[in-house]
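Let's take a quick walk through this one, starting with a single residue and then zooming out.

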Amino acid sequence: MNDDGKFMKRAIELARRTEGSVSPRPPVGALLVSSDGEVIGEGWDTPSPGPHAETMALAAADDKAFGATAFVTLEPCSHTGATAPCADALIRAGIARVVVGSTDPNPKVNGQGLAKLREAGIEVSEGVESESCSELIEPFAKWVREGTPFVTLKMAASLDGKTAAADGTSMWITGEAARAEVHDLRRRADAVIVGSMTVLRDDPLLTCRLEDAEVTQPLRVVIDGSGRTPETSRVFNDDAPTLVITNDDLADVHVDRWIKAGAEVARLAAGESGVDVRAALSYLGERGISHALVEGGPTIAASFIASGLVDRFVLYLAPILIGGDAPGLFNDGVKTLSDAWGLQIENVRAVGDDLRIDARLKPTGDD
């Protein structure tokens, strides 16, 4: 019986440990299995300049690695960066076979690692659990291709699409199970983005607060072009780093108080209606941020969608009805139905008492 799928699924589990903690490296997991089916080494990518998944697994296996099979979620690298090439390390260790889930989109690798392994006489099998392995590196692939982060937009609303009551109260629309998932979304992201209105309304911490989990806190990003974010907001505490992105013409007094509160401030050229979110993403990409979670309110959500910058939607719907003139999911929507933003729904499932919908924007021109 072929156990390739079983072993690759374990490598994927190892890779998922590193989501949100190794950027701009991709999350990678590796497993070494002896000829009699014993797992002799496990590894996962660490933040640069630490070891890659393959070298960690090889170190765990030591001299048992000779003649073993390596299961790696991503093609082993073939170039020298912060570490020596992983393909060379597998060859030196005498690995007999390498099973790979996804090829590396980085043009410095992109098939060259697999070619080097084959030239050394190592048997290579590709595409095992490829869908899951490709999903793992989707943010990295976009960052390599475009230089900007993969954007997940998270929203929560009542069944009739309201994000708050008429008096502005919005905590908590969803239940505990959904809120726990949101903390896991934060764990897997490099940055969490909100607008100044969200800070004013909710005073959120924007940290990942999962029990029994090793967490690298995401960068907290506040987009504020008018200087209204109070320096006393909880987002400026010491639990995680904070970056305020603002316009280059904002008065120094606002910038100075944010810096005094402990934040970093980036001043960018203003767009037509405030901070240019596209420029903000480019700036984050230059900093090595490959996955950004947008948790802002209806104004910033509409801005990202209208600019075509959302790669994935995660929408939680609570089993309540609010009605009336309460705030909805988006401000500044389309003017006519033919201009509505079309979505491709990928998954719908219950999360506690709530409903979670995962979707993506339809490509332009789709019916």
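Leaving aside its neighbours within four places in sequence, which residues is Met56 in contact with?

## Around Met56

This is a predicted model, and in it Met56 sits in helix H2, which covers residues 53–61. Once you set aside neighbours within four places in sequence, Met56 is in contact with Glu42, Gly43, Trp44 and Thr46.

## A nonpolar patch

Over on the surface, you'll find a nonpolar patch formed by Phe330, Val334 and Trp341. Together these residues have about 220 Å² of accessible area.

Trp341 belongs to the loop that links strand E14 (312–318) to strand E15 (343–351). Its relative accessibility is 30%, so Trp341 counts as partly exposed.

## The whole chain

Zooming out, the protein has eleven helices and 16 strands. Its radius of gyration is 23 Å, close to the 21 Å that the globule rule gives for 367 residues, so the protein is as compact as a globular protein of that length. The C-alpha trace spans about 65 × 45 × 45 Å along the principal axes.

## Contacts and surface

Take the contacts with a separation of 6 or more: 68% of them come from residues 24 or more positions apart. As for burial, 50% of the 367 residues count as buried.

The protein exposes about 17,100 Å², and carbon and sulfur atoms supply 49% of that area.

Terms used: Residues numbered from 1 in each chain as written. Predicted model: local features only at pLDDT ≥ 70, side-chain atom pairs only at ≥ 80, totals over all residues. Heavy atoms only, no water. Patch = residues over 30% accessible without salt bridge, like charges linked within 9 Å, V, L, I, M, F, W, Y side chains within 5 Å. Areas by Shrake-Rupley, 256 points an atom, 1.4 Å probe, with all protein chains shown as cover. Salt bridge = Lys/Arg side-chain N within 4 Å of Asp/Glu carboxyl O. Helix = DSSP H or I, 4+ residues; strand = E, 2+ residues; numbered from the N terminus. Buried < 20%, exposed > 50% of the residue type's maximum accessible area, 1.4 Å probe, protein only. Contact = heavy atoms within 4.5 Å. Rg over C-alpha atoms; globule rule 2.2 N^0.38 Å.
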